[in-house]
Amino acid sequence: FFVFFFLCKKTTPSRLLLRSMAKKWMTGCLAKVTSEEEYAQVMATVPKTFTPTCIADFGYKYTEEGRLVQLSNGAPFAWLGQKHYDLLGEAIIEDLYREMEGKFGFQRRHCPLDAAEGEPTIPIFLSPNFATASRVVMLIQGMGAVRPGMWARALCINDTLGTGTIFHYLEDCAREDWGVAVLNPNENEALPPLPVPPEETSFEEFWLSTPDQVWKDSQHKRAKSAKPIRGSDSPFHHTEYVWDQLFSVDSRPVAIIAHSFGGKCTTHLLRSRPETLSRISSIAFTDAMNDVRPKVDPKPLVKLMKAKAINWVASYEHLDKELGTRSGCRELSSGHPKHEWTSESCRASVIRFTRESFSHASSSSGGVAKRCDVA
């Protein structure tokens with residue numbers, strides 16, 4: 001009796017189900033399925049190709065509300081390992097690029113702008129009115145896997161495009177008739193293509209059999225063969241390159257909106273290109289890294305940061321609550337305690353601040369503009 005009870009306790013329905021399957025993949029969510037139907041639905045997110053180009057190849061789509069769901073049943077994202085996650089992220093990036101070009105009419109430009117045939121390039125995006133708008137905005141995302149159009153890849157996958165992308169900012173800028181340049185500071189080299197798997201490799205094996213650490217190690221090794229992008233071989237150089245090629249050619253007032261490491265790209269630009277100081281209308285940081293040193297940096301830079309910059313930081317306090325000054329920059333609450341959510345959480349305040357600063361810049365006769373309040 002006790003042996004029978006022990007076996008029944010250990011052999012659960014889900015274990016019996018998985019044992020009955022001819023092919024058992026226990027990666028991620030597949031280890032938790034309780035029915036053949038559920039197993040088949042999760043497996044539908046395994047691409048039937050080694051070179052997916054869009055999220056539909058992964059069995060996903062975005063709803064009208066901007067949520068990533070499975071095509072087969074509308075269920076949310078199912079984790080199937082780091083390799084699957086990273087390459088799904090790359091497919092999402094391409095979908096976002098197509099959205100910026102299609103819905104928003106942005107032009108994809110390739111840096112370096114004078115690239116020779118066959119030379120590696122990276123994309124940036126310019127609004128349809130960038131060349132003609134009287135006021136222009138430079139959008140700079142943070143570091144890591146994010147690319148133009150993204151604030152946070154994890155939010156694009158696990159929450160919505162509204163929180164994870166810059167799309168709401170693009171809509172706001174279009175309403176204001178501001179020109180926009182979306183930078184790409186993280187893509188500093190051209191990676192070689194993924195190796196072609198052996199002919200006998202199944203799609204399931206290709207997507208599900210690689211342990212996470214093995215995949216990460218292979219990507220580090222792959223990066224060693226990457227070719228640097230001329231003019232954009234670092235986030236700092238990329239920001240300088242875009243300024244030199246697209247912003248320094250005229251005298252229009254410029255507003256910078258920068259998230260996370262985009263803050264350091266901004267302060268580096270201000271130091272390396274001091275002529276930018278007279279052009280900057282405002283700097284809106286969203287939980288950004290600000291490394292200005294008031295006692296060390298040039299006085300014009302310190303004065304600009306004091307008068308024209310605000311950093312909306314992660315905080316449990318209500319939106320726009322004054323939090324003091326750090327690194328010579330005024331800090332306000334973004335209204336959200338998590339770093340990756342801050343850009344969308346404080347968007348209305350950022351746009352209002354930018355609008356008011358542009359208005360001050362238009363009426364200013366030179367020098368540092370008056371401080372613009374958002375409250």
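Tutor: Helices (H or I, at least four residues) and strands (E, at least two) are DSSP runs, numbered from the N terminus. This is a predicted model, where local features need pLDDT of at least 70, side-chain atom pairs count only at pLDDT 80 or more, and totals for chains, interfaces and linings use all residues. Residues are numbered from 1 along each chain as its sequence is written, and side-chain values use heavy atoms, with hydrogens and water left out.

Student: OK, where is Ser 282?
Tutor: Ser 282 sits in strand 10, residues 280-286.

Student: Is Ser 282 buried or exposed?
Tutor: Ser 282 has 0% relative accessibility, so it counts as buried. Buried means under 20% relative accessible area, exposed over 50%, and partly exposed in between, with a 1.4 Å probe and protein chains only.

Student: And which residues is Ser 282 in contact with?
Tutor: Leaving aside neighbours within four places in sequence, its contacts (heavy atoms within 4.5 Å) include Val 254, Lys 308, Phe 353 and Ser 357.

Student: Switching topic: which helix has Asp 86?
Tutor: Asp 86 belongs to helix 4, residues 82-102. Its relative accessible area is 16%, so Asp 86 is buried.

Student: What does Asp 86 touch?
Tutor: Not counting residues up to four places away in sequence, Asp 86 touches Arg 153 and Trp 215.

Student: How many residues apart along the chain are Asp 86 and Ala 145?
Tutor: They are 59 residues apart along the chain, and their C-alpha atoms are separated by 8.7 Å.
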